[in-house]
Amino acid sequence: MKLRIKGNSLRMRLTKTDVSKLSSAGYLEEQTAFAGNKFIYALQVAEDATELSASLHANKITMFVPRSFVQHWPVNDVIGCHANMRVSETETLYLLLEKDFVCLDETHEDQADNFENPNKTC
């Protein structure tokens, strides 16, 4: 699972294994260690949710995902989902959850568990 934060946007990208685990277990978590502390980011299935939402508590970001979206995600062609979550009277937080595709350009990152890129040409 990859996390990207830029301004008021939060994006999580998932490998095939991640998508499968989220669908079956309903929860995924990653950690980044710092000296004497850690930063945690997680995905949690929310049974009654109709769109993405997120929270930040004690060094942990959790994105909540509707069960209706995750249920068939491992086997369908849906790339992801997104939402704009109101965080104040004047601000929103853009949330994006998507499958992680194999890069079209060269990279040193292990991409063996990524989804095939739909923009790939033969």
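Where does Asn59 sit? In this predicted model, Asn59 lies in the loop between S5 and S6. Its phi is near 65°. That value is positive, and Asn59 is a residue other than glycine. Asn59 has a relative accessibility of 38%.

Ala58 is not a glycine, yet its phi is positive, at about 45°. The relative accessibility of Ala58 is 75%. Exposed means over 50%, so Ala58 counts as exposed.

A further positive phi is found just after helix H1. There, Gly26 adopts a value of about 85°.

Helix H1 spans residues 16-25. Its buried residues are Asp18, Val19, Leu22 and Ser23. Viewed down the axis of H1, these buried residues fall within an arc of 130°, so they line one face of the helix. Ser24 and Ala25 are exposed, and they are carried on the face of H1 turned away from the buried side.

Several elements contribute to the cover over the buried residues of H1. Among them are strand S2 (9-14), strand S3 (27-34) and strand S4 (37-46). Strand S8 (92-99) is also included in this cover, as is helix H2 (67-70).

Technical notes. Residues numbered from 1 in each chain as written. Predicted model: local features only at pLDDT ≥ 70, side-chain atom pairs only at ≥ 80, totals over all residues. Heavy atoms only, no water. Buried < 20%, exposed > 50% of the residue type's maximum accessible area, 1.4 Å probe, protein only. Helix = DSSP H or I, 4+ residues; strand = E, 2+ residues; numbered from the N terminus. Arc of directions from axis to C-beta. Contact = heavy atoms within 4.5 Å.
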